[in-house]
Amino acid sequence: MALKLKDSDAETWHSLACELESLKRNDEALRCFEKVKRMRPDTPYIDGYIFSSRLHYCDWTNYEEQSNFIINQVRKGKATLVPHPMLYLECTRADLKRNAESFADFCGFKKLEKNRPNFLPYKNKKIRIKMFPIKSAFN
């Protein structure tokens with residue numbers, strides 16, 4: 001079945017890229033993520049998606065430069081890379097924590113926490129993140 005995409009719709013291209021990635025069609029996903037970056041460079045997490053797609057596609061071009069860019073963006077508090085792939089990088093525990101906090105803020109977990117019924121609280125203050133599709137970056 002053929003699919004015709006509106007060439008100017010970044011959200012549709014982003015969704016297609018995520019689906020292609022889940023099908024392990026990483027070369028096609030990478031091209032779609034790069035198209036989204038050209039169309040809307042301010043899309044949250046787009047640099048991280050491109051970086052991860054390159055790794056899955058075994059494209060190590062400019063790896064150190066790209067990983068340093070990702071880590072520096074995370075240190076600035078930018079929505080750059082979802083938490084799990086951050087484990088692949090040579091970064092500090094503080095970087096991992098900052099990235100998890102940024103992700104939790106982006107997804108609105110703090111709002112959810114405030115509205116949560118009073119269950120038994122956790123005894124520590126660890127950040128717990130379950131990997132599931134995040135809200136659209138285009139809302």
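This report walks through the helices, helix contacts and salt bridges of the structure above.

## The overall picture

Keep in mind as you look around that this is a predicted model. The protein has 7 helices and 0 strands. If you start at the N terminus and read along, the elements run α-α-α-α-α-α-α.

How much of the protein is buried? Of its 139 residues, 35% are buried. There's also a number for contacts across the chain: among contacts between residues at least 6 apart in sequence, 48% join residues at least 24 apart.

## Helices H1 and H2

Let's begin with H1, which covers residues 10-22. The axes of H1 and H2 come within 8 Å and cross at roughly 160°. That angle makes H1 roughly antiparallel to H2, since angles over 145 degrees get that label. The crossing of H1 past H2 is left-handed.

Which residues make this contact? On the H1 side you'll find Ala10, Trp13, His14, Leu16, Ala17, Cys18, Leu20 and Glu21. On the H2 side they are Asn26, Glu28, Ala29, Cys32, Phe33, Lys35, Val36 and Met39. Sorted by class, the contact of H1 with H2 has 11 nonpolar, 2 polar and 3 charged residues.

## A look at Leu20

Is Leu20 buried or exposed? Its relative accessibility is 7%, so Leu20 counts as buried, the cut-off being under 20%.

Now see what surrounds Leu20. Not counting residues up to four places away in sequence, Leu20 touches Arg25, Glu28, Ala29 and Cys32. Take Cys32 from that list: Leu20 and Cys32 are 12 residues apart in sequence, and their C-alpha atoms are 8.9 Å apart in space.

## Helices H2 and H3

H2 spans residues 26-39 and H3 spans residues 46-56. These two helices pack at an angle of about 160°, with their axes 9 Å apart. H2 and H3 are therefore roughly antiparallel to each other. H2 passes H3 in a left-handed crossing.

The H2 residues in this contact are Asn26, Ala29, Leu30, Phe33, Glu34, Val36 and Lys37. They meet Ile46, Asp47, Tyr49, Ile50, Ser53, Arg54 and His56 of H3. By class, the contact of H2 with H3 has 7 nonpolar, 3 polar and 4 charged residues.

## Salt bridges

How many salt bridges does the structure hold? The structure holds 6.

One of them pairs Asp47 with Lys37, and their closest N and O atoms are 2.6 Å apart. Asp47 lies in H3 and Lys37 in H2, so this pair ties together parts that are 10 residues apart in sequence. Lys37 is partly exposed, with a relative accessible area of 28%.

Another salt bridge links Lys97 and Glu101, with 3.7 Å between the closest N and O atoms. Both residues belong to helix H6 (residues 93-107), and because they are 4 residues apart there, about one helical turn separates them. Lys97 counts as partly exposed at 49% relative accessibility, and Glu101 counts as partly exposed too, at 30%.

Salt bridges can also share partners, and here they join Glu34, Arg54 and Asp59 into one network. Within it, the side chains of Arg54 and Asp59 meet at 3.9 Å, N to O. Asp59 has 21% relative accessibility, so it counts as partly exposed.

## A look at Gln73

For a last stop, find Gln73 in helix H4, which covers residues 63-75. Is Gln73 buried or exposed? Gln73 is buried, with a relative accessible area of 12%.

Leave aside the neighbours within four places in sequence, and Gln73 is in contact with Lys78 and Thr80.

Notes: Residues numbered from 1 in each chain as written. Predicted model: local features only at pLDDT ≥ 70, side-chain atom pairs only at ≥ 80, totals over all residues. Heavy atoms only, no water. Salt bridge = Lys/Arg side-chain N within 4 Å of Asp/Glu carboxyl O. Buried < 20%, exposed > 50% of the residue type's maximum accessible area, 1.4 Å probe, protein only. Axes fitted to C-alpha atoms, helices over the stretch in contact; angles between N-to-C directions. Parallel < 35°, antiparallel > 145°, perpendicular 65-115°, else oblique. Left-handed = near helix turned anticlockwise from the far one by under 90°. Contact = heavy atoms within 4.5 Å. Nonpolar A, V, L, I, M, F, W, Y, C, P; charged D, E, K, R; others polar.
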